[in-house]
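I opened my notebook to look up how this chain is put together. I went from the whole chain down to single strands and helices.

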Amino acid sequence: MTATGNAPARSSGPSYDEILDADTHPVNPVLRLDGVDDIGPVTIPASRYTSQAVFDAEVEHLWKRSWQMACREEHIPEVGDAYVYDVVGLSILVLRVTPTRIKAYWNACLHRGRALATEPGPVGDVIRCAFHGLEWHHDGTLAQLTTSWDFPHVEADKFCLPEVKVGIWEGWVFVNPDPDAHPFEEHLGALPEHFAKWAPGGKYVSAHVGKVLPVNWKVAQEAFMEAMHVIATHPQIMASIGDANTRYDAFGPFSRAISAGAVASPHLTWTPTEQQIFDSLTDRRLDGEPLALVPEGMTARAFAAEGSRRRKSRTVPDIDTYCDAEIVDSIYYTLFPNFHPWGAFNRINYRFRPVGRHVDRCLMECIYTDDFAGERPPPAPYVELGLDAEWVDAVPELGVLARVFQQDTLNLPAVQRGLEAMAARDGSLTLTRYQELKVRHFHHLWEQQVPPGS
Ligand code: FES
Ligand SMILES: [Fe+2]
C-alpha cells in the first residue's frame, strides 16, 4: 500500500483501532492513546553492535547513568534480604532496610574491595564482609572496623557504603548508579498511567529464566520489538496474529507495540475460518487447553476472550471490566534502555544486558508475572540457561512460548555474524519507517545518551 496525501503508509487489513471497534467490552482508553509514530534514525551504523569502543562508551554513558530494573520487591521481602544486580562489571547490592524502604549500595567492601554479597539472600543483622569481617549497618553506616586501632586515618562516621539511587514502580525495583540521575518519575514518564489498571505490582513472579546469547545486547532485544519478523521467523502463528497491522507508538521515555491476537495476518493469501484462527491461537497460547468449537456467528477473538475470562475469574474477580484486547492481544512496552514489560494479561517481561564487558555476549531474561488468589506465592527461582542450552530446555517453566523464543534466538548468531561483516565495510542497517518504530525510538534515546563518534 502506498501513502495517499499526507497519510503515512500502513499495511493492508484492518487498523488496530478498527479491531478495537469490534471489541465485545468497553475498550480501555489506554489502548487508543496516540503516541509519536515517526521518531529516530532509519539507518544505524553496524559498528554500534560490534565495536568495543562503542561498548565502552555505553558503559560510561549508558549503564553508569541509566535507571535500570534490578529486581522485584518480592525478591527481598524481609528486612536484611539482598539482591545482587550485575551489569558490565558494575555490581549493586539491593537491600531491604526496613519493611517499607529499599536501599542500594555499590557491592564492594571499602577495605580491599571484596563483593559484599555474591548471590541473593539474607545478609543478616549487618552487612559483613567475608574477607576481614568489616561490618556496615543496613542503612550503610559503619558498624565495626576490624582492628579499628589500625585504621587511624579512617573517620568512622564518614566510612559509609556509597549509595546507588533506587526507584520503585509496581513491584519493580530500579537502580541508577549516577548520583546526579534525573528523577525516577521523569524516567517513567506516563508509563504508570498506562499500567494503572493492570497493576503489575499485585502480580507475582511465576517463572524466571535467563539465557546467555552470543550477540550484542541490542541485537537480542531488538528481536522482540516488532512483529515484522513473524512472517519469516514464526510463520506458524500467522493465522492468529495481526503482524503487519501491529500498532506502534512512542511516548517520551518508552514505546509500545500492540499486535492483535485471534485475527489473521494481512500477509495471508488465504482467508482462514474463525475456527482455524481459534485453533491456531489455541496452539500457540493456551497450554494444554482442549480444542473447542467456535459458536456459529461468533468471532475467534470474542470466543478466545470469553474462554480466558472464564478461566481468570478465580484470580481476577473484576475480569468483566477488561476488554477482549486486554485479554487476547500482545501489548509490549519498552522502557529505555533494557526493560520490556508487557501489558494487561500478558505474562512476559524481558530484560536484556551485556554479560561482563563482552560486546557480543548478553543475557536475555524472561520473567513471567501472574495473578494469584489468596496469599502471595514466593517468586519462582531463577533458572539460567548457558550459551549451549536451548530455550526449549525451559518448557517446564515457560510453556509453549519456549518454542517461540527458540525460533527468535535461532536468528541471532547469524545477525551478529552479518553485522560484523557489515561493520567491516562501514555499512549501516536500513530500518522500516513504521514497523521498526520501537527500534528507532530506542536508538533516538541511545543517541541522546551516548556521545556521537562512539
Ligand atoms: S575486603 Fe572486606 S573486610 Fe577486607
Ligand atoms: Fe518473535
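**Whole chain.** I counted 12 helices and 20 strands in the chain. Helices (H or I, at least four residues) and strands (E, at least two) are DSSP runs, numbered from the N terminus. I then looked up the radius of gyration: 23 Å, close to the 22 Å that the globule rule gives for 454 residues, so the chain is as compact as a globular protein of that length. That radius is taken over C-alpha atoms, and the globule rule is 2.2 Å times the number of residues to the power 0.38.

I noted that this is a predicted model, in which local features need pLDDT of at least 70, side-chain atom pairs count only at pLDDT 80 or more, and totals for chains, interfaces and linings use all residues. Residues are numbered from 1 along each chain as its sequence is written, while chains are lettered from A and ligands numbered from 1 in the order in which they are written.

I wrote down the box that the C-alpha atoms fill: roughly 85 × 60 × 40 Å along the principal axes. Of the 454 residues, 40% count as buried. A residue is buried if 20 or more other C-beta atoms lie within 10 Å of its own, exposed if 12 or fewer, and partly exposed in between; the C-beta atoms are placed from the backbone.

I also checked contacts, meaning two residues whose C-beta atoms, placed from the backbone, lie within 7 Å. Among contacts with a separation of 6 or more, 63% join residues 24 or more positions apart.

**Domains.** I found the chain divided into domain 1 (16–58 + 201–449) and domain 2 (68–180). These bounds come from an automatic or database domain assignment. The domain centres, taken over C-alpha atoms, are 34 Å apart. The contact takes 13 residues from domain 1 and 10 residues from domain 2. Which elements give two or more residues to the domain 1 side? I found strand S12 (204–213) and strand S17 (349–354). S17 gives the most, with three residues. That side of domain 1 divides into six nonpolar, three polar and four charged residues. Here Ala, Val, Leu, Ile, Met, Phe, Trp, Tyr, Cys and Pro count as nonpolar, Asp, Glu, Lys and Arg as charged, and the others, Gly among them, as polar.

**Strand S17.** I stayed with S17, where six of six residues are buried. Asn 349, Arg 351 and Arg 353 lie on one side, and Tyr 350, Phe 352 and Pro 354 on the other. S17 pairs antiparallel with strand S16 (residues 339–341) over three bridges. Two strands pair if DSSP finds at least two bridges between them. In this pair, Phe 339 stands opposite Arg 351. S17 also pairs antiparallel with strand S18 (residues 362–370), over five bridges. There, Arg 353 faces Leu 363.

**Strand S14.** Next I looked at strand S14 (residues 254–259). Six of its six residues are buried, so S14 is largely enclosed by the rest of the structure. Phe 254, Arg 256 and Ile 258 point one way, and Ser 255, Ala 257 and Ser 259 the other. Strand S13 (residues 247–251) joins S14 antiparallel over five bridges, with Arg 247 opposite Ile 258. Their hairpin has two residues between the strands, and Gly 252 takes a positive phi near 65° there. Strand S15 (residues 330–335) runs antiparallel to S14 over six bridges. In that pair, Arg 256 stands opposite Tyr 333.

What covers the buried residues of H12? I listed strand S1 (43–45), helix H5 (217–222), S13, S14 and S15 among the covering elements. The buried residues of H12 include Leu 437, Phe 442 and Trp 446. Helix H12 (residues 437–449) has 13 residues and reaches 18 Å, close to the 18 Å expected at 1.5 Å a residue. The expected span is 1.5 Å times one less than the number of residues. I checked helix H8 (residues 300–312) as well: its end C-alpha atoms are 18 Å apart, which agrees with the 18 Å that its 13 residues should span. Among the buried residues of H8 are Arg 301, Phe 303 and Ser 308.

Last, I found three strands in an open antiparallel sheet, in the order S7-S8-S9. Strand S7 (127–128) and strand S9 (142–144) stand at the edges with a single partner strand each, so one side of each has no neighbour in the sheet. S7 pairs with strand S8 (residues 135–136) over two bridges. The bridge partner of Arg 128 is Glu 135 in S8.
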